[in-house]
Amino acid sequence: MPDAPAPVPVPAPVPPLRCALITPARNEADLIEATIQSVLAQTVRPVRWIIVSDGSTDGTDDIVSRYTASHPWITLLQRPAHQDRQFAAKAHAFNAGFALLEPGSYDVVGNLDADITFDPEYLEFLLGKLAADPALGVVGTPFADDHSDLSKHTYNHRNAQLDHVSGACQLFRRGCFAEIGGYVPVKGGAIDWIAVTTARMRGWKTRTFTEKVSLHHRPLGTGNHSKAMVFHHYGKKAYYVGGHPLWILMRSVFQMRQNPRILGGLLFLGGALQAWITRTPRVVTPELMAFHRHEQMSRFKGKLRRQS
């Protein structure tokens with residue numbers, strides 16, 4: 001009688017990735033409860049969620065405190081009131097929350113804005129992407145401002161860069177976040193962009209997955225600027241993060257074809273020119289600027305080849 005075949009070993013199940021979230025929030029009483037409800041409804045909840053109230057004076061702290069009382073994995077960290085609306089404040093608030101995390105207690109750390117919502121499988125989906133590909137360092141999804149049509153999101157045009165991850169919700173593998181040095185406080189903004197681009201420069205893959213979309217409940221960039229001047233600010237930012245001059249010009253032409261037509265592109269270009277004329281200091285290292293320009297020109301040349 002032939003020997004019975006040896007049993008095929010069954011691989012041990014891979015434990016799910018443990019996610020810790022940090023949410024900087026300042027005067028978000030109108031919006032933060034919906035974000036909290038979204039996280040509570042997740043099929044895979046974070047092991048820790050630190051909400052950093054950055055000097056809130058509008059009742060944000062009271063709303064968060066109602067949930068910390070019954071959910072011990074949610075922590076409210078209160079910081080003193082201040083008048084600073086600079087973008088660096090977000091990085092300082094995040095870093096204060098990050099300091100409360102115990103080393104080794106999480107595999108993924110995420111920055112979650114206090115004004116977005118998403119479906120119950122959102123975190124499970126993104127954690128699954130990280131679990132499936134160890135080379136992925138940062139993941140996220142597009143966000144939509146038009147809640148009546150989720151197809152109109154930030155990555156729904158052909159020039160979208162899927163290797164960029166929106167700052168509304170960025171999930172970092174722990175090793176990646178440590179390697180890039182975390183969020184760097186920058187007065188004029190771009191802290192999310194610097195983190196993701198630095199991750200790629202260090203050899204990590206970064207990816208926006210368009211299968212999911214989060215809902216953004218405040219017009220993009222209007223926390224510090226009027227809606228029109230958002231484009232002017234983005235032009236300034238394109239300069240001070242070291243954007244290639246040719247790319248800045250092409251980006252302004254592209255913006256002229258979007259709403260507000262012509263005006264948006266002119267404001268973008270005007271912001272970049274103003275930053276150049278006033279010699280606005282660059283906020284990135286020469287190494288990161290060179291990497292950024294190489295990426296931009298590689299995309300530009302690839303687009304030309306596809307059109308030829």
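Q: Cys169 first. Buried or exposed?
A: Cys169 is buried, at a relative accessible area of 4%. Buried means under 20%, exposed over 50%, partly exposed in between, with a 1.4 Å probe and protein chains only.

Q: What am I looking at, and how are things counted?
A: This is a predicted model: local features need pLDDT of at least 70, side-chain atom pairs count only at pLDDT 80 or more, and totals for chains, interfaces and linings use all residues. Residues are numbered from 1 along each chain as its sequence is written, and side-chain values use heavy atoms, with hydrogens and water left out.

Q: How many disulfides?
A: The count is 0 disulfides, where a disulfide is a pair of cysteine sulfur atoms within 2.5 Å. Cys19 is in none, and the nearest cysteine sulfur, that of Cys169, is 7.9 Å away.

Q: Which residues of β8 sit on each side?
A: Cys169, Leu171 and Arg173 are on one side, Gln170 and Phe172 on the other. Both faces are covered. In a regular strand the side chains alternate between the two faces of the sheet.

Q: What does β8 pair with?
A: β4 pairs with β8 in the antiparallel sense over 5 bridges; two strands pair if DSSP finds at least two bridges between them. β6 (residues 136-140) also pairs with β8 in the antiparallel sense, over 2 bridges.

Q: Which residues are bridge partners there?
A: Asn111 has Gln170 as its partner in β8. Val139 has Leu171.

Q: Zoom out. What is the strand order in the sheet?
A: The order is β3-β2-β1-β4-β8-β6-β9, 7 strands in an open sheet with mixed pairing. β3 (74-79) and β9 (205-208) are the edge strands, each pairing on one side only. The twist averages 15° from one strand to the next.

Q: Parallel or antiparallel for β1 and β2?
A: Parallel, over 6 bridges, between residues 19-25 of β1 and 48-54 of β2. Leu21 stands opposite Trp49 in β2.

Q: Which helices pack on the sheet?
A: Among them is α1 (residues 32-40), which touches β1, β2, β3 and β4 (108-112). Its direction makes about 175° with that of β2. α2 (residues 60-68) touches β2 and β3, at about 150° to the direction of β3. Contact means heavy atoms within 4.5 Å.

Q: How do α1 and α2 cross?
A: Their axes come within 10 Å and cross at roughly 20°. Axes are lines fitted to C-alpha atoms, for helices over the stretch in contact, and angles run from 0 to 180 degrees between N-to-C directions. α1 and α2 are therefore roughly parallel; that label takes angles under 35 degrees, with over 145 roughly antiparallel, 65 to 115 roughly perpendicular and the rest oblique.

Q: Which residues meet there?
A: Ile32, Glu33, Ile36, Gln37 and Leu40 in α1 meet Thr60, Ile63, Val64, Arg66 and Tyr67 in α2.

How values were computed
Helices (H or I, at least four residues) and strands (E, at least two) are DSSP runs, numbered from the N terminus.
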